[in-house]
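Good morning, and thank you for making time for this presentation. Please look at the sequence and the structure as they come up on the screen.

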Amino acid sequence: MKKRKSIFGKLQRTPKWKKEEFTEIEYEPKTVKELLTEMKDISELIIDLAYSAILLDNIEIAEEVKYLEVRMDKLNYEIRMISMMAARTKDDAEKLAGILQIAEAAESISNAAGDIANLLTLKSKTGPILPKLLSKAEEKIFRIKVIDKSKACNQKIGDLKIESETGIRIIAIRRGECWIYNPQSDTTIQADDWLITRGTDDGYQEINKFLKGEVKILE
Amino acid sequence: MKEKTAEDIVLEIKDKSELMVDLAYSSVLYDNKIIAEEVYDLENAVDTLYRTLQKKSLEEVKNGKQSIENALTLLRIAHAGEQIADAAQEIADVELRDVELHPILKMSIRESDVVFTKVKVEPHSVLCGKTLGQLKLASETGMMVIAMRHINKWIYGPDKNTKITSEDILFAKGPEDGEKHLIELANGTSTEI
(Lines give C-alpha, C1' and ligand atoms only; values in the text may rest on other atoms or scores of the structure.)
Protein backbone atom coordinates (compact mmCIF):
# COMPACT_ATOMS: atom_id res chain seq x y z
CA MET A 1 0.00 0.00 0.00
CA LYS A 2 1.19 3.47 -0.84
CA LYS A 3 2.23 6.05 1.62
CA ARG A 4 -0.58 8.44 2.32
CA LYS A 5 0.03 11.88 0.98
CA SER A 6 -0.25 14.57 3.55
CA ILE A 7 -2.68 16.90 1.80
CA PHE A 8 -5.08 14.26 0.53
CA GLY A 9 -7.65 12.16 2.27
CA LYS A 10 -8.20 14.50 5.20
CA LEU A 11 -11.47 15.58 6.67
CA GLN A 12 -11.53 19.33 6.32
CA ARG A 13 -13.57 22.47 5.97
CA THR A 14 -13.40 24.88 3.09
CA PRO A 15 -12.25 27.47 2.25
CA LYS A 16 -8.62 27.21 3.04
CA TRP A 17 -7.05 28.59 -0.11
CA LYS A 18 -6.82 32.03 1.44
CA LYS A 19 -4.82 30.69 4.33
CA GLU A 20 -2.50 28.98 1.89
CA GLU A 21 -2.09 32.09 -0.19
CA PHE A 22 -0.90 34.23 2.69
CA THR A 23 1.50 31.82 4.32
CA GLU A 24 5.10 32.53 3.62
CA ILE A 25 6.95 30.03 1.57
CA GLU A 26 9.34 28.30 3.81
CA TYR A 27 12.05 26.22 2.38
CA GLU A 28 11.19 22.66 3.27
CA PRO A 29 13.64 20.02 2.20
CA LYS A 30 11.37 17.98 -0.04
CA THR A 31 12.66 16.04 -2.97
CA VAL A 32 12.01 16.88 -6.60
CA LYS A 33 10.34 13.52 -6.93
CA GLU A 34 7.87 14.17 -4.12
CA LEU A 35 7.04 17.57 -5.51
CA LEU A 36 6.54 16.33 -9.05
CA THR A 37 4.43 13.36 -7.96
CA GLU A 38 2.16 15.67 -6.02
CA MET A 39 1.92 18.05 -8.95
CA LYS A 40 0.97 15.28 -11.30
CA ASP A 41 -1.66 13.99 -8.88
CA ILE A 42 -3.13 17.44 -8.47
CA SER A 43 -3.14 18.08 -12.21
CA GLU A 44 -5.36 15.05 -12.71
CA LEU A 45 -7.59 15.51 -9.68
CA ILE A 46 -8.18 19.19 -10.25
CA ILE A 47 -9.73 18.72 -13.71
CA ASP A 48 -12.23 16.22 -12.30
CA LEU A 49 -13.00 18.51 -9.38
CA ALA A 50 -13.51 21.51 -11.64
CA TYR A 51 -15.99 19.66 -13.83
CA SER A 52 -17.71 18.24 -10.72
CA ALA A 53 -18.11 21.74 -9.31
CA ILE A 54 -19.81 22.84 -12.51
CA LEU A 55 -21.92 19.74 -12.91
CA LEU A 56 -23.17 19.72 -9.33
CA ASP A 57 -23.32 23.50 -9.16
CA ASN A 58 -21.27 23.31 -5.98
CA ILE A 59 -19.31 26.28 -4.75
CA GLU A 60 -17.44 24.30 -2.08
CA ILE A 61 -15.82 22.04 -4.64
CA ALA A 62 -14.94 25.16 -6.62
CA GLU A 63 -13.20 26.48 -3.49
CA GLU A 64 -11.13 23.33 -3.28
CA VAL A 65 -10.11 23.82 -6.90
CA LYS A 66 -8.97 27.30 -5.97
CA TYR A 67 -6.99 25.94 -3.03
CA LEU A 68 -5.26 23.33 -5.19
CA GLU A 69 -4.48 26.00 -7.75
CA VAL A 70 -2.73 28.10 -5.10
CA ARG A 71 -0.97 25.03 -3.77
CA MET A 72 0.22 24.21 -7.27
CA ASP A 73 1.79 27.67 -7.59
CA LYS A 74 3.76 27.02 -4.45
CA LEU A 75 4.86 23.56 -5.49
CA ASN A 76 6.02 24.95 -8.81
CA TYR A 77 8.04 27.61 -7.03
CA GLU A 78 9.62 25.05 -4.73
CA ILE A 79 10.51 22.67 -7.50
CA ARG A 80 12.24 25.50 -9.36
CA MET A 81 14.30 26.37 -6.31
CA ILE A 82 15.34 22.81 -5.63
CA SER A 83 16.18 22.13 -9.25
CA MET A 84 18.40 25.15 -9.44
CA MET A 85 20.32 24.05 -6.42
CA ALA A 86 20.66 20.56 -7.84
CA ALA A 87 22.19 21.56 -11.15
CA ARG A 88 25.95 21.40 -11.20
CA THR A 89 26.82 20.68 -14.79
CA LYS A 90 25.32 21.57 -18.16
CA ASP A 91 24.13 18.01 -18.46
CA ASP A 92 22.30 18.28 -15.12
CA ALA A 93 20.71 21.53 -16.18
CA GLU A 94 19.48 20.08 -19.46
CA LYS A 95 17.78 17.16 -17.78
CA LEU A 96 16.34 19.29 -15.00
CA ALA A 97 14.90 21.67 -17.60
CA GLY A 98 12.64 18.83 -18.70
CA ILE A 99 11.39 18.37 -15.15
CA LEU A 100 10.64 22.07 -14.81
CA GLN A 101 8.79 22.07 -18.12
CA ILE A 102 6.52 19.27 -16.95
CA ALA A 103 5.99 20.99 -13.62
CA GLU A 104 5.05 24.17 -15.48
CA ALA A 105 2.62 22.21 -17.67
CA ALA A 106 1.00 20.67 -14.60
CA GLU A 107 0.57 24.19 -13.25
CA SER A 108 -1.03 25.37 -16.50
CA ILE A 109 -3.48 22.51 -16.23
CA SER A 110 -4.44 23.61 -12.74
CA ASN A 111 -4.90 27.18 -13.96
CA ALA A 112 -7.21 25.95 -16.71
CA ALA A 113 -9.15 23.95 -14.12
CA GLY A 114 -9.41 27.12 -12.03
CA ASP A 115 -10.93 28.89 -15.03
CA ILE A 116 -13.48 26.10 -15.40
CA ALA A 117 -14.45 26.33 -11.73
CA ASN A 118 -14.71 30.11 -12.03
CA LEU A 119 -17.52 29.67 -14.55
CA LEU A 120 -19.69 28.89 -11.54
CA THR A 121 -19.55 32.50 -10.44
CA LEU A 122 -20.30 33.77 -13.95
CA LYS A 123 -23.27 31.49 -14.42
CA SER A 124 -25.44 32.29 -17.38
CA LYS A 125 -28.96 33.46 -16.82
CA THR A 126 -30.50 31.04 -19.27
CA GLY A 127 -30.10 27.94 -17.21
CA PRO A 128 -27.83 25.02 -16.71
CA ILE A 129 -26.25 24.53 -20.09
CA LEU A 130 -23.05 23.06 -18.67
CA PRO A 131 -24.56 20.34 -16.47
CA LYS A 132 -26.63 19.25 -19.45
CA LEU A 133 -23.55 19.24 -21.64
CA LEU A 134 -21.29 17.41 -19.20
CA SER A 135 -23.85 14.68 -18.65
CA LYS A 136 -23.23 13.66 -22.27
CA ALA A 137 -19.47 13.21 -21.91
CA GLU A 138 -17.84 9.82 -22.30
CA GLU A 139 -16.86 9.49 -18.68
CA LYS A 140 -19.32 11.12 -16.38
CA ILE A 141 -19.43 12.51 -12.89
CA PHE A 142 -21.93 10.87 -10.56
CA ARG A 143 -23.05 11.68 -7.05
CA ILE A 144 -24.10 8.71 -4.94
CA LYS A 145 -25.34 8.51 -1.37
CA VAL A 146 -24.23 5.65 0.87
CA ILE A 147 -27.20 4.00 2.57
CA ASP A 148 -26.62 2.59 6.07
CA LYS A 149 -27.55 -0.96 5.08
CA SER A 150 -24.82 -1.07 2.43
CA LYS A 151 -21.88 -3.38 3.07
CA ALA A 152 -19.59 -0.49 2.17
CA CYS A 153 -20.17 1.23 5.50
CA ASN A 154 -17.10 1.37 7.75
CA GLN A 155 -14.96 -0.27 5.09
CA LYS A 156 -11.76 1.10 3.63
CA ILE A 157 -11.81 2.12 -0.02
CA GLY A 158 -8.73 0.01 -0.65
CA ASP A 159 -10.33 -3.11 0.84
CA LEU A 160 -13.50 -2.63 -1.18
CA LYS A 161 -11.43 -2.36 -4.36
CA ILE A 162 -14.06 -0.04 -5.76
CA GLU A 163 -11.97 1.29 -8.59
CA SER A 164 -10.62 -2.02 -9.80
CA GLU A 165 -14.03 -3.71 -9.58
CA THR A 166 -16.14 -0.98 -11.14
CA GLY A 167 -13.81 1.50 -12.81
CA ILE A 168 -15.40 4.19 -10.68
CA ARG A 169 -12.95 6.61 -9.14
CA ILE A 170 -13.95 8.49 -6.03
CA ILE A 171 -12.96 12.11 -6.43
CA ALA A 172 -14.38 13.41 -3.18
CA ILE A 173 -16.56 12.45 -0.23
CA ARG A 174 -18.97 14.76 1.49
CA ARG A 175 -19.60 13.88 5.10
CA GLY A 176 -22.02 16.20 6.84
CA GLU A 177 -20.44 19.63 6.63
CA CYS A 178 -17.02 18.29 5.78
CA TRP A 179 -15.29 17.12 2.66
CA ILE A 180 -12.59 14.60 1.90
CA TYR A 181 -10.90 15.24 -1.41
CA ASN A 182 -9.04 12.54 -3.29
CA PRO A 183 -9.68 9.87 -0.64
CA GLN A 184 -6.87 7.35 -0.33
CA SER A 185 -7.05 3.58 -0.01
CA ASP A 186 -7.17 3.77 3.81
CA THR A 187 -10.12 6.21 3.85
CA THR A 188 -13.23 4.65 5.38
CA ILE A 189 -16.67 5.00 3.83
CA GLN A 190 -19.49 5.77 6.25
CA ALA A 191 -23.26 5.67 6.10
CA ASP A 192 -24.81 8.87 4.73
CA ASP A 193 -21.62 9.88 2.93
CA TRP A 194 -22.11 11.42 -0.48
CA LEU A 195 -19.53 10.19 -2.94
CA ILE A 196 -18.56 12.29 -5.93
CA THR A 197 -17.29 9.84 -8.49
CA ARG A 198 -16.15 9.61 -12.04
CA GLY A 199 -16.54 6.72 -14.46
CA THR A 200 -18.72 4.98 -17.02
CA ASP A 201 -22.47 4.28 -16.90
CA ASP A 202 -21.85 0.54 -16.45
CA GLY A 203 -19.62 1.11 -13.47
CA TYR A 204 -22.11 3.55 -11.98
CA GLN A 205 -24.95 1.00 -12.15
CA GLU A 206 -22.81 -1.48 -10.26
CA ILE A 207 -21.56 0.77 -7.51
CA ASN A 208 -24.91 2.46 -7.05
CA LYS A 209 -26.56 -0.90 -6.26
CA PHE A 210 -23.78 -1.70 -3.84
CA LEU A 211 -23.93 1.61 -2.00
CA LYS A 212 -27.71 1.42 -1.83
CA GLY A 213 -27.39 -2.00 -0.20
CA GLU A 214 -29.16 -3.77 -3.09
CA VAL A 215 -26.19 -6.04 -3.71
CA LYS A 216 -23.89 -7.34 -1.01
CA ILE A 217 -20.59 -7.55 -2.84
CA LEU A 218 -18.85 -5.90 -5.73
CA GLU A 219 -17.60 -8.20 -8.44
CA MET B 1 -23.81 12.96 -41.28
CA LYS B 2 -25.51 15.37 -38.94
CA GLU B 3 -23.69 18.62 -38.57
CA LYS B 4 -21.94 19.04 -35.25
CA THR B 5 -23.41 21.55 -32.86
CA ALA B 6 -21.32 23.83 -30.68
CA GLU B 7 -22.08 21.56 -27.73
CA ASP B 8 -20.78 18.49 -29.58
CA ILE B 9 -17.56 20.31 -30.33
CA VAL B 10 -17.07 21.34 -26.69
CA LEU B 11 -17.48 17.73 -25.60
CA GLU B 12 -14.99 16.61 -28.20
CA ILE B 13 -12.48 19.16 -26.94
CA LYS B 14 -13.05 18.01 -23.37
CA ASP B 15 -12.59 14.32 -24.16
CA LYS B 16 -9.59 14.93 -26.41
CA SER B 17 -7.79 17.21 -23.97
CA GLU B 18 -8.15 14.68 -21.14
CA LEU B 19 -6.89 11.88 -23.36
CA MET B 20 -3.93 14.07 -24.29
CA VAL B 21 -2.88 14.54 -20.68
CA ASP B 22 -2.95 10.77 -20.15
CA LEU B 23 -1.03 10.14 -23.36
CA ALA B 24 1.52 12.84 -22.57
CA TYR B 25 2.32 11.42 -19.13
CA SER B 26 2.56 7.90 -20.53
CA SER B 27 4.85 9.02 -23.35
CA VAL B 28 7.29 10.26 -20.71
CA LEU B 29 6.86 7.19 -18.53
CA TYR B 30 7.57 4.78 -21.39
CA ASP B 31 9.99 7.09 -23.17
CA ASN B 32 7.80 6.67 -26.25
CA LYS B 33 8.15 9.24 -28.99
CA ILE B 34 5.31 7.83 -31.10
CA ILE B 35 2.78 8.57 -28.38
CA ALA B 36 4.34 11.99 -27.85
CA GLU B 37 3.92 12.75 -31.54
CA GLU B 38 0.28 11.77 -31.33
CA VAL B 39 -0.16 14.35 -28.59
CA TYR B 40 1.15 16.93 -31.07
CA ASP B 41 -1.34 15.79 -33.71
CA LEU B 42 -4.17 15.90 -31.20
CA GLU B 43 -3.15 19.40 -30.20
CA ASN B 44 -3.59 20.51 -33.80
CA ALA B 45 -6.95 18.78 -33.89
CA VAL B 46 -8.05 20.59 -30.72
CA ASP B 47 -6.90 23.95 -32.15
CA THR B 48 -8.99 23.33 -35.26
CA LEU B 49 -11.97 22.29 -33.16
CA TYR B 50 -11.65 25.43 -31.09
CA ARG B 51 -11.63 27.65 -34.16
CA THR B 52 -14.64 25.82 -35.57
CA LEU B 53 -16.39 26.29 -32.26
CA GLN B 54 -15.78 30.03 -32.26
CA LYS B 55 -17.44 30.33 -35.66
CA LYS B 56 -20.17 27.87 -34.86
CA SER B 57 -21.21 29.53 -31.62
CA LEU B 58 -21.39 32.93 -33.30
CA GLU B 59 -23.59 31.40 -35.98
CA GLU B 60 -25.83 29.78 -33.42
CA VAL B 61 -26.25 33.06 -31.60
CA LYS B 62 -27.06 34.80 -34.87
CA ASN B 63 -29.66 32.18 -35.76
CA GLY B 64 -31.19 32.48 -32.33
CA LYS B 65 -30.41 28.85 -31.46
CA GLN B 66 -28.24 29.81 -28.53
CA SER B 67 -28.24 32.72 -26.13
CA ILE B 68 -25.18 34.95 -25.88
CA GLU B 69 -24.55 33.79 -22.31
CA ASN B 70 -24.67 30.13 -23.27
CA ALA B 71 -22.37 30.65 -26.22
CA LEU B 72 -19.90 32.50 -24.01
CA THR B 73 -19.98 29.75 -21.41
CA LEU B 74 -19.29 27.15 -24.09
CA LEU B 75 -16.39 29.20 -25.44
CA ARG B 76 -14.92 29.66 -21.99
CA ILE B 77 -15.03 26.00 -21.09
CA ALA B 78 -13.58 25.08 -24.47
CA HIS B 79 -10.83 27.63 -23.95
CA ALA B 80 -9.87 25.89 -20.72
CA GLY B 81 -9.86 22.57 -22.59
CA GLU B 82 -7.61 24.09 -25.21
CA GLN B 83 -5.19 25.26 -22.52
CA ILE B 84 -5.12 21.78 -21.03
CA ALA B 85 -4.31 20.47 -24.50
CA ASP B 86 -1.45 22.99 -24.80
CA ALA B 87 -0.09 21.87 -21.43
CA ALA B 88 -0.22 18.23 -22.55
CA GLN B 89 1.77 19.21 -25.61
CA GLU B 90 4.38 20.85 -23.39
CA ILE B 91 4.74 17.57 -21.50
CA ALA B 92 5.09 15.60 -24.74
CA ASP B 93 7.64 18.14 -25.93
CA VAL B 94 10.00 17.05 -23.15
CA GLU B 95 9.86 13.50 -24.49
CA LEU B 96 10.50 14.60 -28.07
CA ARG B 97 13.54 16.68 -27.25
CA ASP B 98 16.95 15.16 -27.84
CA VAL B 99 17.83 15.15 -24.19
CA GLU B 100 17.82 12.03 -22.12
CA LEU B 101 14.94 12.05 -19.62
CA HIS B 102 15.80 12.61 -16.01
CA PRO B 103 15.21 9.32 -14.12
CA ILE B 104 13.16 11.22 -11.54
CA LEU B 105 10.51 11.93 -14.16
CA LYS B 106 9.64 8.29 -14.62
CA MET B 107 9.72 7.67 -10.90
CA SER B 108 7.37 10.55 -10.15
CA ILE B 109 4.83 9.47 -12.73
CA ARG B 110 5.09 5.88 -11.64
CA GLU B 111 4.47 6.71 -7.99
CA SER B 112 1.34 8.75 -8.40
CA ASP B 113 -2.19 7.67 -7.54
CA VAL B 114 -3.16 6.68 -11.04
CA VAL B 115 -0.78 4.26 -12.68
CA PHE B 116 -0.11 3.83 -16.35
CA THR B 117 0.64 0.42 -17.67
CA LYS B 118 1.71 -1.19 -20.91
CA VAL B 119 0.81 -4.81 -21.65
CA LYS B 120 1.12 -7.16 -24.58
CA VAL B 121 -1.84 -9.38 -25.36
CA GLU B 122 -0.71 -12.99 -25.71
CA PRO B 123 -2.40 -15.33 -28.25
CA HIS B 124 -4.07 -17.45 -25.55
CA SER B 125 -5.42 -14.46 -23.61
CA VAL B 126 -9.18 -14.21 -23.10
CA LEU B 127 -9.03 -10.66 -24.39
CA CYS B 128 -8.29 -11.79 -27.96
CA GLY B 129 -11.01 -11.29 -30.53
CA LYS B 130 -13.28 -9.31 -28.22
CA THR B 131 -14.22 -5.66 -28.38
CA LEU B 132 -13.64 -3.28 -25.50
CA GLY B 133 -17.42 -2.97 -25.22
CA GLN B 134 -17.82 -6.72 -24.73
CA LEU B 135 -14.97 -6.92 -22.26
CA LYS B 136 -16.02 -3.91 -20.17
CA LEU B 137 -12.42 -3.65 -19.03
CA ALA B 138 -12.94 -0.21 -17.54
CA SER B 139 -15.78 -1.26 -15.27
CA GLU B 140 -14.43 -4.73 -14.50
CA THR B 141 -10.75 -4.05 -13.87
CA GLY B 142 -10.73 -0.28 -13.40
CA MET B 143 -8.19 -0.01 -16.20
CA MET B 144 -9.06 2.29 -19.07
CA VAL B 145 -7.31 1.64 -22.35
CA ILE B 146 -6.06 4.99 -23.62
CA ALA B 147 -4.09 3.78 -26.60
CA MET B 148 -3.16 0.56 -28.32
CA ARG B 149 -0.76 -0.62 -30.94
CA HIS B 150 -2.06 -3.11 -33.45
CA ILE B 151 0.86 -4.42 -35.56
CA ASN B 152 2.09 -1.07 -36.84
CA LYS B 153 -1.14 0.80 -36.45
CA TRP B 154 -1.87 2.92 -33.42
CA ILE B 155 -5.33 3.53 -32.03
CA TYR B 156 -5.71 6.43 -29.62
CA GLY B 157 -8.69 6.71 -27.30
CA PRO B 158 -10.21 3.39 -28.48
CA ASP B 159 -13.98 3.06 -28.10
CA LYS B 160 -16.33 0.19 -27.31
CA ASN B 161 -16.19 -1.13 -30.88
CA THR B 162 -12.41 -1.47 -30.88
CA LYS B 163 -11.40 -5.10 -31.09
CA ILE B 164 -8.40 -6.53 -29.27
CA THR B 165 -6.35 -9.11 -31.14
CA SER B 166 -3.35 -11.14 -30.11
CA GLU B 167 -0.01 -9.31 -30.09
CA ASP B 168 -1.70 -5.95 -29.50
CA ILE B 169 0.05 -3.67 -27.06
CA LEU B 170 -2.34 -1.94 -24.69
CA PHE B 171 -1.59 1.30 -22.87
CA ALA B 172 -3.97 1.70 -19.96
CA LYS B 173 -4.43 3.74 -16.83
CA GLY B 174 -6.10 2.92 -13.55
CA PRO B 175 -5.58 1.94 -9.92
CA GLU B 176 -2.63 -0.12 -8.72
CA ASP B 177 -4.60 -3.29 -8.03
CA GLY B 178 -6.31 -3.08 -11.42
CA GLU B 179 -2.96 -3.14 -13.16
CA LYS B 180 -2.14 -6.64 -11.95
CA HIS B 181 -5.52 -7.94 -13.07
CA LEU B 182 -5.07 -6.50 -16.55
CA ILE B 183 -1.56 -7.91 -16.91
CA GLU B 184 -2.80 -11.37 -15.91
CA LEU B 185 -5.67 -11.19 -18.37
CA ALA B 186 -3.39 -10.09 -21.18
CA ASN B 187 -0.72 -12.72 -20.63
CA GLY B 188 -3.27 -15.46 -20.19
CA THR B 189 -2.56 -16.39 -16.56
CA SER B 190 -6.07 -15.33 -15.61
CA THR B 191 -9.27 -15.87 -17.56
CA GLU B 192 -11.64 -14.31 -15.08
CA ILE B 193 -12.66 -10.84 -16.02
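What you see is a predicted model, in which local features need pLDDT of at least 70, side-chain atom pairs count only at pLDDT 80 or more, and totals for chains, interfaces and linings use all residues. Residues are numbered from 1 along each chain as its sequence is written, while chains are lettered from A and ligands numbered from 1 in the order in which they are written.

I begin with two loops. Glu167(B) sits in the loop between strand 5 (163-164) and strand 6 of chain B. Its phi is positive, near 80 degrees, although the residue is not glycine. Is Glu167(B) buried or exposed? By our criterion a residue is buried if 20 or more other C-beta atoms lie within 10 Å of its own, exposed if 12 or fewer, and partly exposed in between, with C-beta atoms placed from the backbone. Glu167(B) has 12 other C-beta atoms within 10 Å, so it is exposed. In chain A, Asn154(A) also is not a glycine and has a positive phi, of about 60 degrees. Asn154(A) belongs to the loop between strand 2 (140-145) and strand 3 (155-156) of chain A, and with 9 other C-beta atoms within 10 Å it is exposed.

Next, the sheet of chain B. Four strands form an open, antiparallel sheet in the order 1-6-3-4; two strands pair if DSSP finds at least two bridges between them. Strand 1 and strand 4 (153-156) of chain B are at the edges with a single partner strand each, so one side of each has no neighbour in the sheet. From one strand to the next, the twist averages 15 degrees. Axes here are lines fitted to C-alpha atoms, for helices over the stretch in contact, and angles run from 0 to 180 degrees between N-to-C directions. Strand 3 (residues 144-150) and strand 6 of chain B run antiparallel and are joined by five bridges; Arg149(B) has Ile169(B), in strand 6, as its bridge partner.

Two helices pack on this sheet. Contact requires that the C-beta atoms of two residues, placed from the backbone, lie within 7 Å. Helix 1 of chain B touches strand 1, strand 3, strand 4 and strand 6, and its direction makes about 60 degrees with that of strand 3. Helix 7 of chain B touches strand 1 and strand 6, at about 5 degrees to the direction of strand 1.

Which residues of helix 7 of chain B are buried? They are Gly178(B), Glu179(B), His181(B), Leu182(B), Leu185(B) and Ala186(B). Seen down the helix axis, they fall within an arc of 165 degrees (taken from the directions from the helix axis to the C-beta atoms), so they line one face of helix 7 of chain B. These buried residues pack against helix 7 (162-166) of chain A, as well as strand 1 (115-120), helix 6 and strand 6 (169-174) of chain B.

Finally, the interface between the chains. The contact takes 41 residues from chain A and 48 residues from chain B. On the side of chain B that touches chain A, helix 3 of chain B gives the most, with 14 residues.
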